[in-house]
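The following briefing concerns the local geometry of a protein model. Please consult the sequence and the structure alongside the text.

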Amino acid sequence: MSSTPNAHSSFQFVRATRVETLNLEVQEFRHGKTGAPHIHLAADDNQNAFMVAFRTVPEDSTGVAHILEHTALCGSREYPVRDPFFMMTRRSLNTFMNAFTASDWTAYPFASCNRKDFYNLLGVYLDAAFFPTLDKLDFLQEGWRVEFAEPEDPNSELVYKGVVFNEMKGAMSSPVSTLWQLLSEHLFPSVTYHHNSGGDPERIPDLTHDQLKAFHAGHYHPSNAIFLTYGDIAAAEHQAVFEEKALKAFERDERRIRVAEERRYDQPIRVESSYALDAEEETAAKTHIVTGWLLGRNTRMEDVLTAHLLSGVLLDNSASPLRHALETSDLGEAPSPLCGFQDSTYEMVFACGLEGSEPEHADAVEKLIIDTLEKVAKEGAPMEMVESVLHQIELSQREVSGDGFPYGLQLMLHTLTPAVHDAEPAEALHIDPILEMLRERIQDPNYIKGLVRQMLLDNPHRVRLTMTPDTGLSAERANREKARLAEILANMDEAAKQEVVETAAALKARQERQDDPGCLPNVTRDDIPADMNIPEGETGELDQLPLSFYGRGTNGLVYQQLIVDLPDLAADEADLLTLYTDLLTEVGSGGRDYMQTQALQAAVTGGIGARVAMRGAVDDVMRQRSLFILSGKSLVRNQPALSRLMRETLDSARFDEDARIRELVAQERLSREQSVTGRGHVLAMTAAAAAISPAAGIDHRWGGLAAIQTLKGIDDVLKDDAELARLRERFATLEERLLAAPKQILLVGEEEHRHAFEEALKDAWNGLGGDGGGAFQPVALQGPVRQAWTTSTQVNFCATAHATVPAAHADAPALVVLASFLRNNFLHRAIREQGGAYGGGASFDSDTGAFRFYSYRDPRLAETLADYRNAIDWMISSKHDQRLLEEAILGIVSDIDKPGSPSGEAKKAFHNSLHGRTPEVRRRFRQRILDVSLEDLRRVAESYLTAKPAGIAVITNPEMAKKADLGLEIVSL
C-alpha cells in the first residue's frame, strides 16, 4: 500500500493512517463536488465490502427512517422491478447483504469475494439509495396500510397490515427493548434519540407516503452520506463507480443534518412506566429498575475508551464492584440487561440496575448503586482489575472475527460512528496510542476514583426508571387499535371503502407480478469457484490425548478446546447438561472463589465457555455423536495461564457456592425467557421437529422451549436447601462422568508458536485420561408434535417440520435446494409481502433430518400454516423456470463458500470432520448441489413433504391461541 493512495479525479485524498495491529490502512478521501467522504480500509483480503450510510434524525416515532430503508430497496431508476434487493440475493455470490436503521443513521452494506459480483451489487445499491422509485404500493406493503379482514369484502372489519408495523410489534414485545426505549426517551428529552427510530406501532400509522418521500429528499443526498469500503480493491476503482453511477448527478447541499447536544438536567429525575405482560402470568418479581446517566460526546476516541474503561471496572464480570453488588442483592433477580456503556449515540450513556424486582424497591436499588459508586470513588479499584479491562480492550481489538458478520463490515461500523459525528474515523481503529496513555494514567491510584466522581456521582443528568408489568396493557393497546380502526371505518363513505378494496387488489396484483429480472446484473455457474477453501489440520498426540492443530493467521491470539465424548446418561442427567455448562465457567475453581476466578479469567483470557452439542450421523439421523466442549482463547503470551485455568475449570469447579448458584440460575432463567421474542422462529422450528430424530429432540431439550421449562422448574425449587444440595450432587456426578470419558484437544494459532503452545498444554493437561463407558444415545420422542406455546407477545412465530433424510442420502442436496427455492419464489411473497410477517422461509437440517417451514414476527397463525401447505402444492403441481433453480443453487453455494474468521474456519473444519463431514464429504455434497434438477425438487417435495403429517409448533399469546382454535395442545411457557 502506498503512502499516498491514488484517488479518482472526482475525489481528493485527505489522509492515510496505518494500523499495524490490524494490518490495514485507513484511507480518507472527499468528493470534490458534494463533499461526501469516502473511508477506505485497504487490506489484503478478497472479501471486499461496501457501505453507504446517511445521517437520519427522525423527529417522531413514526418509523420514517426504518420504513424508508425498506421501501428504498423495492425498486429504483435503473432497476424498475418490484423487488431488486431480494432478487439480487438470488443472483449473487454475496457473503452479506442487508440494510440497517440505527438511532441516527441508516446504512446499506454488502460484501462479496467475487469482484464481478461486488460491482453488480454496488450498482444496485447505489441506485437504490440515491434513485429509488418509492412507489406508494411498496410503502403500503413495507410500512403500513389498512385492509379489510376479507380484502374484497368492505363489510368485514378493518385491520392494519405492513412488514415494519409487524416487525416493530414483535420488537416492542420484548421488555428489554421497551426498557431501553423508555430510558432513552427520558435521558434524551429533546433530541432524536427521544423517539423510536424503528417506529412505535401506535405511531407508525401517522406516517404518510408524502412524508416518506420528503424524508428521502432531505436526508439521502451525497452531502449527507458517508461511503465506506474494505478489502483489496483500490479506492480509486470504487470512486469511479460512485461518480458514474450516482455522484455526478448531484451538486453540494449546504444543509447540515446533525444531532444537537442534549439540554442537561440540573438534578436527577425519577420515572415510572409499565410494559405489557401476559394476563395469565404472575407479576411478582417482574419489575425492572434502572439508573442511566448521560455522559459526554463520542467524538474523541480517548473519551470513548476512558468511558469503556470505567464501565469495565464497574461491570465487566462478577468480581467488578457494581456487578457484584447487583448480583448479590436481594432486591432483584439479576443485573439488568441494560447494564453497561453505550457509545452509539452522540452523547454516550451508562446504565445499571436490576431486573426481577418489585416497584417498592426502587429507592433501595438506587441507593445500592450510589453507595457502591461512592465506595469506589473513595477506595478505588484493585490495579489488577483495571489492567484486566485494558487487556480485554486490547484482545478485542486484535481479534480477527467474522464468523457471523464479515470482518470488514465490522471494522467499517467501528469507523462509521465517529464519521457520522464529524470525528476522526481512523481513531476508532488505531487505538494503541490511547491504550498506552490509559496504561500510564491508571498508575495514579486516584484516576479511577476521579472518573467515578466526575462521570457519574457529580453528573446530575441521571434518570431512574422503574418499569412495572401490566397485565392489562396488551388488551388496552389492542382496544386502542380497534377504536382507531373503527373511527377510520366510520368516517369512510362507500367510495373510500371501495378505494381500500381496490388498493388491496392492486397491491396483491403487484406482489404476484412476475417481473423480468433481465435488467438486473447477475453471476452464473461459471463464476462459482471450482473448489471450497477448507483448512487442513495436523493430528498428533499430547500425553495420550489426541491433538489436532490448525496453523492460522490469528493475529497474536490462540484458541483451544477440550472435547469430551458424552458418556451414557439418563434423561434427567442429560437435561441438566446445559445448566451445568452455563454455570461451569461462572463459579470458582482451583481453590479460588468465583470472584477470584472471574478476575483471573478477565486478566489472562478472552473468555472461557462450555457447551454441549449433538449431530446426527452423516448416514443415519437415528445415530448421533454428542460432545461436551470446553473452549478458551487468549493472547499468545497468556496461553499457559489459559491452559491451567481451563484444566482447573474442568476438574475443580466450585459448585459448593450456594448463593452464587442461586444467582446464576435466576439470571439464566431471565435471559432465556427474554430471548423468546427475538428468536421465536428458531424455537418454534426446534419444537416442531422435536419428534423427528433423537438429535432433534435433544435440540428442543437443550436449547429450545423445553429447556426453558426445565430451567424454570429448577429455579422454582432452588430456594429449598435440600433441592440445592441435590443439584450440587447431580453436578458432581456429571463432573465425575465427564472426567472419565474419552477426550481430545483442538488447538488453533500461528504456526510459529506451535511448540510453545504444546509444551504449555502438556503441563496443564498432564494425567487427564479417560476411556469412559458407553456413549450417550437418546431415543426419539413420540410424534408428530402439535403444540401452541403461549407467552407475552404481540406477534406470532409459526413452524412445521417434516421427517426427511441424513446428509449422505442422495436426496439431501435436493432438499437443501428445495428450501431455498420455496423461500425465494413462494414463501417470501406469501408470508412477508402478503401476510405481513417480518420474515418467513424454509430450511433443511441434515443434522436432524428435518425440513422446516417458519415465520418470524407474524400477525397470522392458521393462514401461515395453510401457506406452508400451499407452497408444497405449488412446488409439485406448477411448472417452474430453470432460471429460478439456478438462482436457488447460486445462493446455496454462496452460503457454503462464505468465509469465516481464521479460527472459526478451523473450528468448523475440525468439528465437521469429527461428525463425519470430512472435507471430501463436504466437497462432494457441494458438487451434488450443482447437479440438482427441477424434477429432483418436485420429487423430494412429494416424497417427504406429503407422505406423513408434519410436526407443528407456534408461539403466540393465550388470546390468539384460543381465537385461532388450531386444534393444538396449548403449552404455557
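E538 stands opposite F549 in β18, and β17 and β18 pair in the antiparallel sense over 5 bridges (two strands pair if DSSP finds at least two bridges between them). Helices (H or I, at least four residues) and strands (E, at least two) are DSSP runs, numbered from the N terminus. The model is predicted: local features need pLDDT of at least 70, side-chain atom pairs count only at pLDDT 80 or more, and totals for chains, interfaces and linings use all residues. Residues are numbered from 1 along each chain as its sequence is written, and side-chain values use heavy atoms, with hydrogens and water left out.

**The sheet and the helices across it**

- The open sheet has 6 strands in the order β17-β18-β22-β19-β21-β20, and the pairing is mixed.
- At the edges stand β17 and β20 (608-617), each with a single partner strand, so one side of each is left without a neighbour in the sheet.
- From one strand to the next, the twist averages 25°; axes are lines fitted to C-alpha atoms, for helices over the stretch in contact, and angles run from 0 to 180 degrees between N-to-C directions.
- Helix α19 lies across β20 and β21 (620-635) and runs at about 150° to β20.
- Helix α27 lies across β17, β18, β19 (557-565) and β22 (743-749), running at about 150° to β22.

**The crossing of α19 and α22**

- The axes of α19 (residues 577-584) and α22 (residues 658-674) come within 11 Å and cross at roughly 115°.
- That angle makes α19 roughly perpendicular to α22 (under 35 degrees counts as roughly parallel, over 145 as roughly antiparallel, 65 to 115 as roughly perpendicular and the rest as oblique).
- The crossing of α19 and α22 is right-handed, that is, the near helix is turned clockwise from the far one by less than a right angle.
- On the α19 side, T578, L579, D582 and L583 make the contact, and on the α22 side I661, L664, V665, E668 and R672 do so; contact means heavy atoms within 4.5 Å.
- By class, the contact of α19 with α22 has 5 nonpolar, 1 polar and 3 charged residues (Ala, Val, Leu, Ile, Met, Phe, Trp, Tyr, Cys and Pro count as nonpolar, Asp, Glu, Lys and Arg as charged, and the others, Gly among them, as polar).

**Backbone exceptions**

- Most residues other than glycine have a negative phi, and most peptide bonds are trans.
- L134, although not a glycine, has a positive phi of about 50°; L134 is found in the loop between α3 (115-130) and α4 (136-142).
- L134 is buried, with a relative accessible area of 6% (buried means under 20% relative accessible area, exposed over 50%, partly exposed in between, with a 1.4 Å probe and protein chains only).
- D543 also is not a glycine and has a positive phi of about 50°; D543 lies in the loop between β17 (538-542) and β18 (545-551) and counts as partly exposed at 36% relative accessibility.
- G783 and P784 are joined by a cis peptide bond with omega of about 5°, and P784 is placed in the loop between α27 (754-765) and β23 (786-790).

**Buried helix positions**

- In helix α8 (residues 235-245), the buried residues are A235, H238, Q239, V241, F242 and E243.
- These buried residues of α8 pack against β1 (11-19), β2 (24-31), β3 (37-43), β4 (48-55), α3 and β10 (225-231).
- K497 lies in helix α17 (residues 494-512) and is buried, with a relative accessible area of 16%.
- Not counting residues up to four places away in sequence, K497 touches F148, P154, L489 and M492.
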